[in-house]
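Here is a friendly walk through a few local features of this protein. Please keep the sequence and the 3D view side by side as you read.

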Amino acid sequence: QPANIRLVEHLVRRVLHHMIPRAQREHPEQRGIDTVTFATYGEHVGQLSTRHWKKDWEMKVARRLGGGTQVMQGWQVVKNTYFKHQHETYGHGRFDPVFGWQPTPGMPKLSLLVFLDGEATDMDEFELELLGETWAYVTIALVGMENCPHHHSHAIELERVARFNPHVGFYDVHGRVLERLVVQDLLSSVYPVDPPAYEEILKPEYDLKADELPGYSA
């Protein structure tokens with residue numbers, strides 16, 4: 001939905017300011033964060049950065065959205081991309097012809113931040129998948145319109161999943177929001193050991209320009 005995707009755009013841009021420097025501590029050559037989009041199908045679009053933000057967002061993300069949402073498409077792309085990289089580079093993971101990719105002892109866990117709306121046709125399947133996953137730490141932001149029945153029903157189920165699986169964090173984002181507080185909550189889940197302090201999130205160079213702000217409090 002137009003209002004939702006504008007808010008997601010701003011949140012993604014804000015979190016990248018904090019995620020990229022942390023990724024560069026282990027991989028100095030890295031310039032952005034690997035990103036997968038999913039609508040009617042999932043696609044790995046490479047790395048998003050803040051350096052060429054408008055171009056990256058429009059070419060790699062916005063033009064690929066639209067139509068129905070099938071979250072399992074994106075989930076499988078994430079899983080296949082990560083396991084193939086780990087297997088080819090470090091020898092981690094194994095592929096089972098029946099059950100697909102399986103983690104092996106010592107394989108690093110992926111830290112994954114997912115933005116969803118409440119309209120995915122296969123959300124129930126995704127929620128069941130999350131209950132048993134151990135190869136990734138998944139932080140989910142469900143961004144929806146206020147009073148949307150689909151949003152609230154999925155929010156209840158995702159909260160339940162997060163209670164039963166310590167690898168899953170969930171945040172309900174709808175109505176009027178304070179973007180900086182949402183960013184702080186999300187990154188505290190993504191980086192439990194090294195979350196950005198609020199003073200870091202408040203840095204003025206991370207603010208959006210006045211003509212880029214929607215009707216949300218920043």
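## The two sides of helix α2

On helix α2, the exposed residues Lys 54 and Lys 55 sit on the face turned away from the helix's buried side. This is a predicted model, so do keep that in mind throughout.

Which residues of α2 are buried? In this helix, which spans residues 53-61, they are Trp 53, Asp 56, Trp 57 and Val 61. These residues lie on the same side of α2, because they cover an arc of only 95° around the axis.

Let us turn to the strands. β1 (residues 33-38) and β2 (residues 42-48) pair in the antiparallel sense, with 6 bridges between them.

## Lys 79 in helix α3

Lys 79 belongs to helix α3, which covers residues 71-90. Is Lys 79 buried or exposed? Its relative accessibility is 10%, so Lys 79 counts as buried, the cut-off being under 20%. Setting aside residues up to four places away in sequence, Lys 79 touches Trp 101, Glu 129, Glu 133 and Trp 135.

## Gly 100 in strand β4

Gly 100 is part of strand β4 (residues 100-102). With 17% relative accessibility, Gly 100 also falls under the 20% cut-off and therefore counts as buried.

Beyond its neighbours within four places in sequence, Gly 100 is in contact with Arg 94 and Phe 95. Gly 100 and Asn 80 are 20 residues apart in sequence, and their C-alpha atoms are 9.0 Å apart in space.

Terms used
Residues are numbered from 1 along each chain as its sequence is written. This is a predicted model: local features need pLDDT of at least 70, side-chain atom pairs count only at pLDDT 80 or more; totals for chains, interfaces and linings use all residues. Side-chain values use heavy atoms; hydrogens and water are left out. Helices (H or I, at least four residues) and strands (E, at least two) are DSSP runs, numbered from the N terminus. Buried means under 20% relative accessible area, exposed over 50%, partly exposed in between (1.4 Å probe, protein chains only). Contact means heavy atoms within 4.5 Å. The arc is that of the directions from the helix axis to the C-beta atoms. Two strands pair if DSSP finds at least two bridges between them.
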